[in-house]
Amino acid sequence: MGVEDRFGRPLANLRLSVTDRCTLRCQYCMPERDYVWLPRADILTFEEIETLVDVFISLGTTKVRLTGGEPLLRKDLPDLIQLLSRKQTLTDLALTTNGILLAEQVSALRRAGLPRITVSLDTLHADRFQALTRFDSLPAVRRGLEAATRAGFDSVKIDTVVIRGVNDDELVDMLEYGRSLGAEVRFIEYMDVGGATRWSMADVVSRQEMLQSLSAHYGPIAPVDERTTAPADRFTLSDGTVFGIISSTTEPFCERCDRSRLTADGVWYRCLYARSGTDLREPLRAGVGVDGLRQLIGNTWQTRDDRGAEDRLASKDRSRLIPVETLQSQPHLEMHTRGG
Ligand code: SAM
Ligand code: SF4
Ligand code: SF4
């Protein structure tokens with residue numbers, strides 16, 4: 001039996017972070033020089049992750065997305081994918097990656113049974129990529145993404161965070177690039193989540209603006225008529241090309257949000273913006289057992305009333321969310337720890 005929260009939202013969708021480490025330092029996620037990492041001993045083993053995923057499944061979870069940090073840094077990741085891809089009741093298993101290590105790992109990921117993949121890519125200009133991520137890795141990401149489109153996935157998507165004055169003139173180029181690869185592009189509004197210590201509302205390009213600039217080039221854009229809990233609203237160009245926009249900042253979708261997040265060290269968050277989470281590692285390692293975990297997770301979800309992005313939208317003083325010093329003492333507030 002699935003559980004629902006106070007607003008009737010099911011516990012359907014789990015974002016599972018497998019590491020807090022990353023190969024990039026994106027300006028909107030990890031802009032600082034130094035980070036405090038999770039202790040290695042705290043990182044959940046694959047066996048522990050499987051136990052927790054089984055409990056989530058028993059409470060109604062049908063979708064799991066592997067994330068990080070950079071998930072492809074996690075040693076032997078295909079072994080975990082193999083474990084998860086055998087779960088009959090998981091109707092959706094996917095992974096979000098920055099793509100750098102993808103070309104070398106894509107065959108192993110496919111062989112392990114990964115059906116869907118999303119590659120984050122914000123610009124097609126090498127100099128911008130370097131300025132945005134601190135690494136000169138655009139060719140590696142393109143190689144990875146292009147290898148993914150040949151690897152037989154059910155779907156390959158490209159996630160693009162749009163930032164004013166950085167890449168907002170590349171919407172058409174990104175769509176064309178995605179179209180040339182058969183990959184659906186999803187434009188993401190810049191969010192003021194923990195980690196985004198340089199965020200300012202002035203840098204956010206709203207969904208409305210994105211649609212305006214795309215229709216100036218392509219002509220009329222029609223919304224795709226579908227009822228889903230997916231964060232992206234999807235649209236079609238007149239030639240049938242479909243793309244998505246995730247408007248978490250200006251038009252949040254908390255009302256239908258069925259997502260929760262598990263960090264690599266087993267802390268579970270009911271909202272991306274939540275200040276505190278539930279430690280599942282401690283009871284798991286203390287031998288509480290599946291029934292105890294089930295009760296803990298189920299009861300906690302039933303009391304959920306989080307609507308973090310809507311609260312942010314309603315707040316009068318909208319500057320960056322969390323000061324750097326707080327992030328350094330509480331790395332769980334970071335986007336790269338929560339898994340985005
Ligand atoms: N490292 C992987 C990657 O970049 O795809 C997976 C983890 S990353 C935290 C997951 C997603 O969060 C990425 O698509 C990234 O662009 C997005 N993200 C990170 N910080 C963001 C922000 N401030 N606003 C909007 N999206 C953000
Ligand atoms: Fe960039 Fe993803 Fe790494 Fe964050 S976790 S710095 S979004 S690659
Ligand atoms: Fe869900 Fe929280 Fe994001 Fe709203 S802010 S969509 S409740 S995770």
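In this predicted model, the charged end of arginine 110 sits over the ring of phenylalanine 153, 5.2 Å from the ring's centre. Arginine 338 lies over the face of tyrosine 269, at 3.8 Å from the ring centre.

**Aromatic pairs**

- The count of aromatic pairs comes to six.
- One of these joins tyrosine 35 and tryptophan 37 in a tilted arrangement, with 6.1 Å centre to centre and 40° between the planes.
- Tyrosine 35 is buried, at 13% relative accessible area, whereas tryptophan 37 is partly exposed, at 28%.
- Phenylalanine 187 and phenylalanine 243 form an edge-to-face pair, 6.2 Å centre to centre, with 65° between the planes.
- Because phenylalanine 187 belongs to strand β6 (residues 184–189) and phenylalanine 243 to strand β9 (residues 242–246), their pair ties together parts that are 56 residues apart in sequence.
- Phenylalanine 187 is buried, with a relative accessible area of 0%, and phenylalanine 243 is buried with a value of 0%.
- Phe56, Trp268 and Trp301 make up one aromatic cluster.

**Surroundings of ligand 3**

- The residues around ligand 3 include Cys254, Cys257 and Cys271, along with Phe253, Leu272, Tyr273, Gly308 and Ala309.
- Arg261, Arg304, Asp306 and Arg307 are also among the residues around ligand 3.
- By class, the shell of ligand 3 has seven nonpolar residues, one polar residue and four charged residues.

Terms used
Residues numbered from 1 in each chain as written. Chains lettered and ligands numbered in written order. Predicted model: local features only at pLDDT ≥ 70, side-chain atom pairs only at ≥ 80, totals over all residues. Heavy atoms only, no water. Near = heavy atom within 4 Å. Nonpolar A, V, L, I, M, F, W, Y, C, P; charged D, E, K, R; others polar. Phe/Tyr/Trp six-rings, centres within 6.5 Å; stacked < 30°, edge-to-face > 60°. Buried < 20%, exposed > 50% of the residue type's maximum accessible area, 1.4 Å probe, protein only. Helix = DSSP H or I, 4+ residues; strand = E, 2+ residues; numbered from the N terminus. Lys NZ or Arg CZ within 6 Å of the ring centre and 35° of its normal.
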